[in-house]
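Trainee: Could you walk me through this structure, feature by feature? I would like to know how to read each one.

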Amino acid sequence: EAKLRNVDMVLHAGDMFHENKPSRKTMHSALKIFREQCLGDDPVYISCANKQDEVFRTNNGRINYEDPYHAVSLPYFAIHGNHDDPSRDSSAGDALAALDVLAVSNVLNYYGKSDRADDVEIHPVLITKNGTKLALYGLGAIRDERLNRMWRQKKVKFIRPRDMDGEEKWFNILVLHQNRDYGRGTKNCIHESMIPD
């Protein structure tokens with residue numbers, strides 16, 4: 001559908017997989033679909049304007065469509081959800097999600113992964129196209145009660161882009177995978193009022 005409509009990019013808000021360790025068959029199918037739909041020679045008309053290693057940690061700190069060794073025709077940006085969140089295979093090493101595998105395969109851009117459980121800094125992906133400036137923020141799933149507590153303690157920080165004159169000129173989008181406050185209790189969700197204007 002995205003290719004038919006000639007979109008600039010796809011945003012995915014988590015739970016690409018129903019579990020954090022999908023089967024080999026599932027990963028094979030996902031990679032096949034991404035290769036068929038997102039790779040190709042069609043031009044990409046958006047640019048990334050910030051230090052990419054602050055946002056993309058998996059793919060050598062680089063957005064996939066700027067990799068000179070791959071032809072990406074449809075940029076795909078994804079955060080993890082609560083079903084496909086990062087986990088550790090052993091006591092050593094980083095927590096990895098299935099999205100890390102897809103990102104290192106260069107078929108998508110995985111962002112919104114927080115390395116710290118007690119303090120979150122959300123760096124945006126700064127996307128430009130023909131004078132339009134988009135600050136794309138992402139935060140993958142974190143246990144609701146923990147994130148709610150961090151938010152109330154002001155331990156969730158949004159890094160704001162500024163132009164040379166100090167004036168904000170960016171349109172902001174936040175991609176967030178958390179429960180809303182309908183019937184969950186005040187501490188088991190993220191309230192819309194918590195999100196900065």
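Trainee: Which residues does Asp-85 touch, not counting residues up to four places away in sequence?

Mentor: Its contacts are Asn-20, His-80, Leu-96 and Ala-97. Asp-85 sits in the loop between β3 and α2; helices (H or I, at least four residues) and strands (E, at least two) are DSSP runs, numbered from the N terminus.

Trainee: Is Asp-85 buried, exposed or partly exposed?

Mentor: Buried means under 20% relative accessible area, exposed over 50%, and partly exposed in between (1.4 Å probe, protein chains only). Asp-85 has 25% relative accessibility, so it counts as partly exposed.

Trainee: How confident is the predictor in the protein chain?

Mentor: pLDDT is the predictor's confidence in each residue, from 0 to 100. Where pLDDT is low, the predicted coordinates should not be read in detail. Here the protein chain has a mean pLDDT of 85, and 90% of its residues reach 70 or more.

Trainee: What is the order of the strands in the sheet of four?

Mentor: Strands of a sheet pair through backbone hydrogen bonds, either parallel or antiparallel. Two strands count as paired if DSSP finds at least two bridges between them. The open sheet of four strands runs β2-β6-β7-β9, with mixed pairing. Its edge strands, β2 (47-48) and β9 (171-176), each pair on one side only. Strand β7 (residues 132-139) is parallel to β9 and joined to it by six bridges; Leu-134 has Phe-171 in β9 as its bridge partner.

Trainee: And which order do the strands take in the open sheet of three?

Mentor: That order is β1-β3-β4, with parallel pairing. β1 (10-12) and β4 (109-110) have a single partner strand each, so one side of each is left without a neighbour in the sheet. Two bridges link β3 (residues 76-78) to β4, and Phe-77 stands opposite Asn-109 in β4.

Trainee: Which residues of α1 are buried?

Mentor: Met-27, Ala-30, Phe-34 and Cys-38 are buried in α1. Seen down the axis of α1, they fall within an arc of 65° (taken from the directions from the helix axis to the C-beta atoms), so they line one face of the helix. These buried residues pack against β3 and α2. On the other side of α1, the exposed residues are Arg-24, Lys-25, His-28, Ile-33 and Arg-35.

Trainee: What should I make of phi at Asn-6 and Asn-106?

Mentor: Most residues other than glycine have a negative phi, and most peptide bonds are trans. Asn-6 has a positive phi of about 55°, and Asn-106 has a positive phi of about 70°. Asn-6 is in the segment before β1, and at 63% relative accessibility it counts as exposed. Asn-106 lies in the loop between α2 (98-104) and β4, and at 1% relative accessibility it counts as buried.

Note on methods: Residues are numbered from 1 along each chain as its sequence is written. This is a predicted model: local features need pLDDT of at least 70, side-chain atom pairs count only at pLDDT 80 or more; totals for chains, interfaces and linings use all residues. Side-chain values use heavy atoms; hydrogens and water are left out. Contact means heavy atoms within 4.5 Å.
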